[in-house]
Amino acid sequence: MKVTLKDGSSKEYSQPMAIIDIAKDISEGLARVACVAELDGEVVDLRTVVDGEHSLNILTFDSPQGKAAYRHTASHVLAQAIKRMYPDAKCAIGPSIEEGFYYDFDMQSLDREALDKIEKEMKKIIKEGAALERFTLGRKEAIEFMEERQEPYKVQLIEDLPEDAEISFYKQGEFVDLCAGPHLMSTKPLKAIKLISSSGAYWRGNEKNKMLTRVYGTAYTKKADLDAYLEHLEDIKKRDHNKLGRELELFTTVDVIGQGLPLIMPKGEIIIRTMQRWIEDEEEKRGYMRTKTPFMAKSDLYKISGHWDHYKDGMFVLGDEEKEKDVYALRPMTCPFQYFVYKASQKSYRDLPCRYGETSTLFRNEDSGEMHGLTRVRQFTISEGHLIVRPDQMVKEFKDCIALAQHCLQVLGVEEDVTYHLSKWDPDNREKYIGDEKVWDETEGAIRQILQELNIDFTEDVGEAAFYGPKVDINARNVYGKEDTMITIQWDALIAEQFDMYYIDENGEKKRPYIIHRTSMGCYERTLAWLIEKYAGAFPTWLAPEQVRVLPISEKYLDYAHRVEQELKENQIRCMVDERSEKIGYKIREARLKKIPYMIIVGQNEEEENLISLRSRFKGDEGQMPLNEFVSSICEEIRKKEIRKVEVQDQK
């Protein structure tokens, strides 16, 4: 038997061996920290017996596969603890995830006290050190086995598998779980574990199914690493836009209004309005023409575009197709409306490119289980645009759309937080798309070449394209690690045919244009959520809903405080006077909690000398200065949209 290791070296053995024994032969130290192994490209348990010629890579916790197996084993320990403490609980699924694991149970909800008790039982199970033993059953026997154990969710999972499938299980002590693996050899290597939280989750993510109890946890090999992660979670809580956005009075939600329909409050509206005006100005500098189109249209429009066939489930339909002649739907996108703006007059090749931009309110019928704060909503506003171009203009205009998106990311200070994706069609699922394979291959190849020419690192995602063309998705992760698409730029060589869009070329002949669907900064609500989390609510001054707060030391200096306020407002600086009869220290602390960039403190000396005392969240106490000097400085900061760094960590 011959085994080739990751470093290219080979080992010869006279008889079949378990991978763990090979690991011990390579290095006793490696064997002690081994989690699983990669055997000929497949991740397997260390107990797997090797025979013949193979390539082998021992995987530790430092590898993604090792972490996954380690944490997946921890999820089984959680399930075993739950079954000991709550025998009537039914187990659903329990995978590892990027930062830990979760397990879904059909059982009562769990509070923090219950989680702590379960965690204590998990530590007992780990100390017992039971081996994880894999065995398999045929599909029929597997169903009977789980029916005997009264695990209906496991039975459903097995029933979804092929008739001839060999079903694998893992046993540890008295607990047996349906599982494909791989796992650690025993529970003993699990060291630092923590149950993080519990929440509700629909079975299989479908709101029509039963709500289960999901328990989240994590596991590390060292307590210090766990402590660092828990500290990271505390920072996340401080940045979570759903919590912080409400505390800062940026938005709220109301049950009687509905899920996914946030109320943007005055402070949040200021931020969105500021971004919107900036984006519209940026687009107009680049030759975009503004349109304003209806919020709804007859189904006829969406049938021409293909949305009725390919996207109807995601739309809000108004009326009954079977009973009414004209059925309307709220628009999920603006493109078909802007096509008719284009078609309102005949265009020649000299009129192209024709760039339309619109601040569009859109409506999408998202699943209720997907709703979250501002990142997944049913009504949202977007910086949407469509460029109708000649085929020979397509590459340049597509690059310009990427450049505009990158400019917006840079100004907002988030350009380093994004990833780029080439979202492609899935040739194995052709009914989802229009057009033939040749067009898709050509357009995907063109985008790939553009990204390579621009030296942009990107990944390719099969099945993520729009039904009419491939696209570039610019994504960002929220504080919980979930990736959301922030900006999209789509290449469309197909829709013009369906809308009979054309231009007259230099020979007087009708030709089909290409179309670019794009956003400059995407959805304003989602962008607001992103910025709340990026800056923990401490927005750059140009975006801050309140840029300056004027703090009189006592009521005697209110008149001077209002004169300062008036001067600031005349220079379009957002500010207010704190007129309350509180101590100045209290006012300063509250202004800091509200994340206000600047505080102006005025008292007797400031009034007599016609000065202000300035405190900022960037430098702390900046001392006294003339008001006009500060006005000049902050106006320049706002004009340039500067992102100032905090130079002081604590301001008393």
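**Exercise 1.** Decide whether Phe295 is buried, partly exposed or exposed in this predicted model, and find where Phe295 lies.

*Solution.* 
Step 1. The relative accessibility of Phe295 is 40%.
Step 2. Buried means under 20% and exposed means over 50%, with partly exposed in between.
Step 3. Phe295 therefore counts as partly exposed, at 40%.
Step 4. As for its place, Phe295 sits in the loop between strand S18 (289-290) and strand S19 (296-298).

**Exercise 2.** Name the residues that form a nonpolar surface patch with Phe295.

*Solution.* 
Step 1. The patch on the surface consists of Phe295, Met296, Leu318 and Tyr328.
Step 2. Together these residues have about 340 Å² of accessible area.

**Exercise 3.** Work out the strand order of the open five-stranded sheet and identify its edge strands.

*Solution.* 
Step 1. The order is S32-S31-S33-S34-S35, with mixed pairing.
Step 2. Strand S32 (575-577) and strand S35 (620-626) each pair on one side only, and these are the edge strands.
Step 3. On average, neighbouring strands of the sheet are turned by 25° against each other, direction ignored.
Step 4. S34 (residues 611-616) and S35 run antiparallel and are joined by six bridges.
Step 5. Across this pair, Leu611 stands opposite Pro626 in S35.

Definitions and conventions. Residues numbered from 1 in each chain as written. Predicted model: local features only at pLDDT ≥ 70, side-chain atom pairs only at ≥ 80, totals over all residues. Heavy atoms only, no water. Patch = residues over 30% accessible without salt bridge, like charges linked within 9 Å, V, L, I, M, F, W, Y side chains within 5 Å. Areas by Shrake-Rupley, 256 points an atom, 1.4 Å probe, with all protein chains shown as cover. Salt bridge = Lys/Arg side-chain N within 4 Å of Asp/Glu carboxyl O. Helix = DSSP H or I, 4+ residues; strand = E, 2+ residues; numbered from the N terminus. Buried < 20%, exposed > 50% of the residue type's maximum accessible area, 1.4 Å probe, protein only. Pairing = 2+ DSSP bridges. Axes fitted to C-alpha atoms, helices over the stretch in contact; angles between N-to-C directions.
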